[in-house]
Amino acid sequence: LREVSHQHRPEGFLEHTELLLRQLVEQSIRPVAVLDTHWHYQYVAQNWAETLGLPVHNLVGEDHWARCPDFPANKASLVQQLAAGQRVGQQEERRTVQGREMLISWSIRPWQNARGALGGYIFGVQDVTDQVRLKHQVQQAQDRENQLAYLDALTGLPNRQLFQDRLNVAL
């Protein structure tokens, strides 16, 4: 038996598929880069490079560790985990990008080539600085709301509402 499905595909099928995949990746919420097994960039979404403060052009073929020697940290253990087929990542890692302090969530997972062998890594990053800031603001607003509901505004002492609430819990 031999594979002949490629003979029955419409002309330009691979080019069309590649273009479609590029558009999907560029429009995704989570910016990604595809690296080979030697950590050289194979594909870099524009928003991925912008998030890390890297030049958008001319990254393909370059070594990731030359561009970002400290990101992610613990390279040896990271490479071991990925070689074992595990996904690695971190939520809300603090980084300084182009003089701006930000929080980045990132993940790296291995991908397999057509033969099932390790083909490289898919590296996703996301700037979560605004989400974390908003989450803290909501928490502070909720804390302030509780304080206003259960404490006297003038003295800061517990009020009748807090007494009733604690009594109900105790009963």
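Predicted model: local features only at pLDDT ≥ 70, side-chain atom pairs only at ≥ 80, totals over all residues.
How do strand 1 and strand 5 pair, and over how many bridges? I looked this up to get going: the two strands run in the antiparallel sense and pair over five bridges. (Two strands pair if DSSP finds at least two bridges between them.) For the elements, I use DSSP runs numbered from the N terminus: helices are H or I with at least four residues, strands are E with at least two.

Residues are numbered from 1 along each chain as its sequence is written, and side-chain values use heavy atoms, with hydrogens and water left out.

**Entry: strand 1 and its partners**

I stayed with strand 1 for a while. Leu 35 stands opposite Tyr 121 in strand 5. Strand 1 also pairs with strand 2, in the antiparallel sense over three bridges. On that side, I found Tyr 43 in strand 2 as the bridge partner of Val 34. Strands 1 and 2 make a hairpin with four residues between them, and Trp 39 in the turn has a positive phi of about 65°.

Is strand 1 enclosed or open? Four of its five residues are buried, so strand 1 is largely enclosed by the rest of the structure. Buried here means under 20% relative accessible area, exposed means over 50%, and partly exposed is in between (1.4 Å probe, protein chains only).

**Entry: aromatic rings**

Next I searched the whole structure for aromatic pairs and got seven. One of them is Tyr 41 with Trp 48, an edge-to-face pair at 5.6 Å centre to centre with 70° between the planes. (Rings of Phe, Tyr and Trp, the last by its six-membered ring, pair if their centres lie within 6.5 Å; planes under 30 degrees apart are stacked, over 60 edge-to-face, the rest tilted.) Tyr 41 counts as buried because its relative accessibility is 0%. Trp 48 is buried too, with a relative accessible area of 0%.

Which ring else pairs with Trp 48? Phe 123 does: the centres are 5.5 Å apart and the planes sit at 70°, so this pair is edge-to-face. The pair links distant parts of the chain, with Trp 48 in helix 2 (residues 46-52) and Phe 123 in strand 5 (residues 118-127), 75 residues apart. Phe 123 is buried, as is Trp 48. I then wrote down one aromatic cluster, made of Tyr 41, Trp 48, Phe 71, Trp 106 and Phe 123.

**Entry: His 64**

I found His 64 in helix 3 (residues 64-67). His 64 counts as buried because its relative accessible area is 0%. Its side chain joins that of Tyr 41 through a polar contact of 2.6 Å. (That is a pair of N or O atoms within 3.5 Å; within protein, one must be able to donate a hydrogen and the other to accept it, and residues adjacent in sequence count only if both atoms are side-chain atoms.) Not counting residues up to four places away in sequence, His 64 touches Leu 35, Trp 39, Tyr 41, Trp 48, Phe 71, Pro 72 and Phe 123. Contact means heavy atoms within 4.5 Å.

**Entry: the core**

How many residues does the largest nonpolar core have? I read off 26, and those with the most contacts inside it are Trp 48, Trp 106 and Ile 108. (A nonpolar core is a set of buried Ala, Val, Leu, Ile, Met, Phe, Trp, Tyr and Cys residues joined through side-chain atoms within 4.5 Å.) Strand 1 (32-36), strand 2 (41-44), helix 2, helix 4 (75-83), strand 3, strand 4 (100-112) and strand 5 each supply at least two residues of this core. Strand 4 gives the most, with four residues.

The peptide bond from Phe 71 to Pro 72 is cis, with omega near -5°. Pro 72 lies in the loop between helix 3 and helix 4, and I found Asn 74 in the loop between helix 3 and helix 4 as well. Asn 74 is not a glycine, yet its phi is positive, at about 55°. Asn 74 is exposed, with a relative accessible area of 60%.

Glu 92, in strand 3, also has a positive phi, near 55°. Glu 92 is partly exposed, at 37% relative accessible area.
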